[in-house]
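Q: I have a structure open on my screen and would like to learn how to read it. Could you walk me through it?

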Amino acid sequence: MNSLIIPKFENYVPVSKNCLMKIFGEITFDLFIYPSGKKMLKEPVLLLRKNTLLADKKDIFTERNFAGFFIRKDDVANFHHLIENFIHMLIDDAQMTLQEKSEVIYNCAQHVIQDVFEDPRSGKNIKRAKDITSTIIQFALLDNASIPSLLQLSSHDYYTFTHCLNVAVFSIGLWQSIFPKQEQELMDFALGCILHDVGKSRIDDAILNKPGPLTAEEFDIIKRHPQYGYDLMKDMVKDISLDVILHHHEKHDGRGYPEGLKGEQISDPVKIAAIADVYDALTTRRAYAEARDPFKAMLTMKEEMVGHFEQEKFISFIHMLSGKKRPTSQ
Ligand SMILES: [Fe+2]
Ligand SMILES: [Fe+2]
C-alpha cells in the first residue's frame with residue numbers, strides 16, 4: 001500500500017480506480033495519474049487522452065503503481081455520465097468500500113436529476129432517473145449503513161436537485177422501516193420522490209432563490225409546482241410516482257395544497273415523502289434561512305408543524321434517524 005500523501009489540486013478531482021476498471025469503451029475525459037515514488041508534483045500527469053478505448057488499457061491500472069487517478073474538474077459531469085452505464089457493477093464489488101460506492105452513486109444521481117430538471121420531457125433523462133433510482137434501492141438493500149452513508153454526502157447548501165435526491169434517500173429509508181416487504185412499489189415511490197419538485201423547473205429562479213420572504217403572489221406561483229410536475233410527468237411515470245409529485249405538499253389536517261386532502265385521503269407514500277421533504281428542507285441552508293441541526297429540525301416539525309404529518313409515520317421517521325427499529329413496525 002502506498003503511503004504517499006497526494007496533494008489536493010485546484011483544477012482536478014480524484015476518481016476511483018475501481019470505477020475506472022468498470023468502464024468498457026472509450027473514455028469521455030482526459031485521465032491523469034499521480035505517480036508514486038515522486039516528491040510533490042504541482043499537477044497530476046496525463047495518462048490517457050479523451051476517446052481512448054479503455055478496454056485495451058485495463059492492465060495499466062493493475063500493473064503499474066500509481067498513487068492516484070484524476071480528471072479535470074470540468075470533466076466531472078462527463079465522468080459521471082459515463083459511469084452511470086456501469087454503476088450496477090459497482091454495487092457488488094467487494095474491492096470497493098461502502099463510502100466509495102456511496103460517493104459514486106450520489107454524484108451520478110445528482111447529475112441525472114440536474115439533467116432531468118434541465119429537460120424534464122426527455123424520455124432519455126427519465127430512463128436515466130429510473131435506472132439510478134433502481135441502483136439507489138439496490139444499494140439501500142445491500143447494507144443497513146447504505147442510507148446513512150448516502151446522507152452523509154448531502155451538502156448543507158440547498159439545491160433543488162440535491163434536495164430531490166436527499167428526499168428520495170430519506171424516503172427509501174423510512175419506507176423500508178415501515179413496509180419492509182413491498183419492494184415493487186418502492187421503485188415507483190422512490191422515483192416519485194426523485195421527481196417530486198420537478199415542477200419547479202417551470203418556475204423562475206428569481207422566485208425560487210429569493211433571499212427574503214415571498215409575497216403572497218410569489219407564494220401562489222411556487223404553489224403551482226406540484227401541478228406543473230404532474231403535467232410534465234403524467235405520461236412518463238406510474239401512478240404512485242405521480243401521486244407523490246402532485247400531493248407532497250398536502251397536510252394531514254387538510255391545510256396543504258393543491259387539493260387540501262386530509263388524513264386517509266392522503267396515501268402512505270405521500271405521507272412518507274412529505275416528512276422527508278420538510279426534514280431535508282429544514283436541515284439545509286436556504287436563501288432565507290440557516291440550516292437547522294437534526295434535533296432542532298425534529299423539534300420544529302413536532303412543535304411548530306402540528307397537524308402537518310401523520311403522527312405514526314413521523315414517530316417512525318424519528319426512530320429511523322436515531323437508528324432504532326420501531327417494535328410496532330409492520
Ligand atoms: Fe415541493
Ligand atoms: Fe421538496
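Q: At what angle do α7 and helix α15 pack, and how far apart are their axes?

A: Two packed helices are described by the angle between their axes and the distance between those axes. This is a predicted model, and in it α7 and helix α15 (residues 311–321) pack at an angle of about 105°, with 10 Å between their axes. Angles of 65 to 115 degrees count as roughly perpendicular, and α7 and α15 are therefore roughly perpendicular to each other.

Q: Which residues of α7 and α15 meet?

A: From α7 come G173, L174, S177 and I178, and they meet K313, S316, F317 and M320 of α15. Sorted by class, the contact of α7 with α15 has four nonpolar residues, three polar and one charged.

Q: Let me pick F317 from that list. Is F317 buried or exposed?

A: Here we count C-beta neighbours, and a residue with 20 or more of them within 10 Å is called buried. F317, which is found in helix α15, has 23 C-beta neighbours inside 10 Å and so counts as buried.

Q: With which residues is F317 in contact, leaving aside its neighbours within four places in sequence?

A: Those residues are L174 and I275.

Q: Which residues make the contact of α4 with α7?

A: On the α4 side you will find A109, Q110, I113, Q114 and F117, and on the α7 side T160, F161, T162, C164 and L165. By class, the residues of this contact of α4 with α7 are six nonpolar, four polar and no charged.

Q: Let me try another pair. How do the axes of helix α12 and helix α13 cross?

A: The axes of helix α12 (residues 239–247) and helix α13 (residues 268–282) cross at roughly 45° and come within 9 Å. That makes α12 oblique to α13. The crossing of α12 and α13 is right-handed.

Q: And which residues of α12 and α13 meet?

A: I240, D243, V244 and H247 are the α12 residues, and they meet P269, V270 and A273 in α13. The contact of α12 with α13 holds five nonpolar residues, one polar and one charged.

Q: What should I look for in the loop between α12 and α13?

A: Look for P258, which has its place in that loop. The peptide bond from Y257 to P258 is cis, with omega near 5°.

Q: How does D231 count by its C-beta neighbours?

A: D231 lies in helix α11 (residues 225–233), and with 14 C-beta neighbours inside 10 Å it counts as partly exposed. The C-alpha atoms of D231 and I245 are 9.8 Å apart, and the two residues are 14 residues apart along the chain.

Q: Now let me zoom out. How many helices and strands does the chain have?

A: The chain has 15 helices and four strands. Its radius of gyration is 21 Å, close to the 20 Å that the globule rule gives for 330 residues, so the chain is as compact as a globular protein of that length. The C-alpha trace spans about 65 × 45 × 35 Å along its principal axes.

Q: What share of the residues in the chain is buried?

A: Of the 330 residues in the chain, 37% are buried. For contacts, consider those between residues at least 6 apart in sequence: 72% of them join residues at least 24 apart.

Key
Residues numbered from 1 in each chain as written. Chains lettered and ligands numbered in written order. Predicted model: local features only at pLDDT ≥ 70, side-chain atom pairs only at ≥ 80, totals over all residues. Contact = placed C-beta atoms within 7 Å. Helix = DSSP H or I, 4+ residues; strand = E, 2+ residues; numbered from the N terminus. Nonpolar A, V, L, I, M, F, W, Y, C, P; charged D, E, K, R; others polar. Rg over C-alpha atoms; globule rule 2.2 N^0.38 Å. Buried ≥ 20, exposed ≤ 12 C-beta atoms within 10 Å, placed from the backbone. Axes fitted to C-alpha atoms, helices over the stretch in contact; angles between N-to-C directions. Parallel < 35°, antiparallel > 145°, perpendicular 65-115°, else oblique. Left-handed = near helix turned anticlockwise from the far one by under 90°.
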